[in-house]
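Please open the model in your viewer and keep the selection panel at hand.

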Amino acid sequence: MDQILGEGVHGKVVMVYDLATKEQSALKQVMLLDFREEEIRAWVAMEDNPHFPELYVLEVEGDKVLLFMEPLQPKITLTEVIDQYFSQLQQQGPAAQWSFSIFVVKGLLEAIQALHEKGYTHNDLHTGNILLEDTKSGMEVKVVDLGLAQVIPNPLTPGSRAQVINDLWNVLRTFIVLCAGYTFKSTHDMTEHWRNALRYVDESFREEFEEIVHFCINAAVNFATGLPAGELLNKLNEAGDVTEVCSWEEANEVFENGERTREYWVRRNDPNQCDSNPCVSEGTSRCEDLFQNYRCHCRQGYTGSNCHINIDDCGTNCLNGAICTDLINDYHCTCVPGFRGTNCEININECQSNPCQNGATCQDGANRWSCQCAPGWTGVSCQLDINECMSAPCLNGGTCNNLQNMFTCDCVQGFAGNGCEINVDDCYLDHCLNGGTCIDLVDDFSCICPAGFSGTTCEVNVNECESSPCLNQATCIDADNGFLCECLPGR
């Protein structure tokens, strides 16, 4: 049975023996459907890097892809070191544990920095994928399993930026485990509560441990374009390995150069530049001691060499005439009436309270509203019914009735029309008889009768014989507007 070397993302890695070449290789089998082109490209990119096993050849066999790689032997995973030998490492003393931790993380950072510079992220960095190989030149740190490697695009996307930072978080998690034996459940737990691990770090290395962790978190959080793995590697190189403090004579024997000895001596004896508290405490997260200098790491909202300047966060953030108050890494906008929002960018809709009545249209303004009233209404809120009777539209004694946006008139007898402006023609039925002439009055009429007729409607024929106009016993015969006398014979 082939020796199992490890478990990959998509399958096991086993040791195989080539009968033709008499050579061993590590074989990783991946189903063709699961195979990712990025894995091969990443292996090829890292083929000359000592921190990654060499990829010998790739073959496709049916529905499988076979990756033949350099076997690492003798080797041990960092998981096995932590599980089986960590207590022995601690027994060797704080200096040995610190030196081992720095050695491993330096190698790990060199690998990740090289991978990032070639344009890939690992995305599955954990202690099971970090190996220690015993070579002729000494112990070497190896990184394996590029099954989840991703291309780093240029320019960076938010997703690829997160993957670069995730690699760095996993390096930091490894560093904390090695130095303190403390494991965090998640990245968020680590970044928020990493100081919980401080009590497990020996006091002589606690300050350097805190500085490195803090530097790593800042490098990741503030990562924009440069690769943070390289920045942290430089920081670890500054920390260096633990060595004894030697005398001038001993140093001079090592360096064999007076100038280099003086540089070393001054550096080793350079006082802590932060002891004088040069950084303004309110604006400083920490003071970093440098060679004959210091660096103040400012809290958000502060700047300046000593973090003494509160950054003006107001700028032009507050809108619509608002007053801006600068705070610490923040600002506050006092809005003028009629506006709201963080930047007073929202015009308050005064029409939301429905101030306009009776079907009016509300028009919102700046801290005001106005109503466009429907016909027949007036007032600020269109709450008043316009009295259409105020203009006395009803004539000739008519009574006005006010309605919504209109009026009606109750006319007196003899008048009609919307405004009682029409005198009803009482002659339209031709009341006057016998040729009488009708004169229209108000709710009445009068007849001018022709000669020979009288009465209200000229209905009476005047009897001209009533005056006895005929003489000598003649007979009077009434006629229209006259009479005839029928005389006796002989008369």
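How many helices and strands does the protein have? The protein has nine helices and 32 strands, where helices (H or I, at least four residues) and strands (E, at least two) are DSSP runs numbered from the N terminus. This is a predicted model, in which local features need pLDDT of at least 70 and side-chain atom pairs count only at pLDDT 80 or more, while totals for chains, interfaces and linings use all residues. Residues are numbered from 1 along each chain as its sequence is written, and side-chain values use heavy atoms, with hydrogens and water left out.

**Whole chain.** Colour the protein by accessibility: of its 491 residues, 36% count as buried (under 20% relative accessible area, with exposed over 50% and partly exposed in between, for a 1.4 Å probe and protein chains only).

**Helices H3 and H4.** Select residues 94–117 (H3) and 158–180 (H4); their axes come within 9 Å and cross at roughly 170 degrees. Axes here are lines fitted to C-alpha atoms, for helices over the stretch in contact, and angles run from 0 to 180 degrees between N-to-C directions. H3 and H4 are therefore roughly antiparallel to each other, a term for angles over 145 degrees. Residues in the contact (heavy atoms within 4.5 Å) include Trp 98, Phe 100 and Leu 108 of H3 and Val 164, Asp 167 and Phe 175 of H4.

**The nonpolar cores.** A nonpolar core is a set of buried Ala, Val, Leu, Ile, Met, Phe, Trp, Tyr and Cys residues joined through side-chain atoms within 4.5 Å. Next, select Leu 172, Phe 175, Ile 176 and Phe 209, which touch the most other members among the 61 residues of the largest core. Among the elements that each supply at least two residues of this core are helix H1 (37–45), strand S5 (64–69) and helix H6 (203–221). Now centre on Leu 172: leaving aside residues up to four places away in sequence, Leu 172 touches Met 190, Val 213, Cys 216 and Ile 217. Then move to a second, separate core of six residues, which includes Cys 432, Cys 447, Phe 453 and Cys 458.

**An exposed loop residue.** Is Thr 456 buried or exposed? With 58% relative accessibility, Thr 456 counts as exposed. Thr 456 sits in the loop between strand S29 (453–454) and strand S30 (460–461).

Conventions: Angles under 35 degrees count as roughly parallel, over 145 as roughly antiparallel, 65 to 115 as roughly perpendicular and the rest as oblique.
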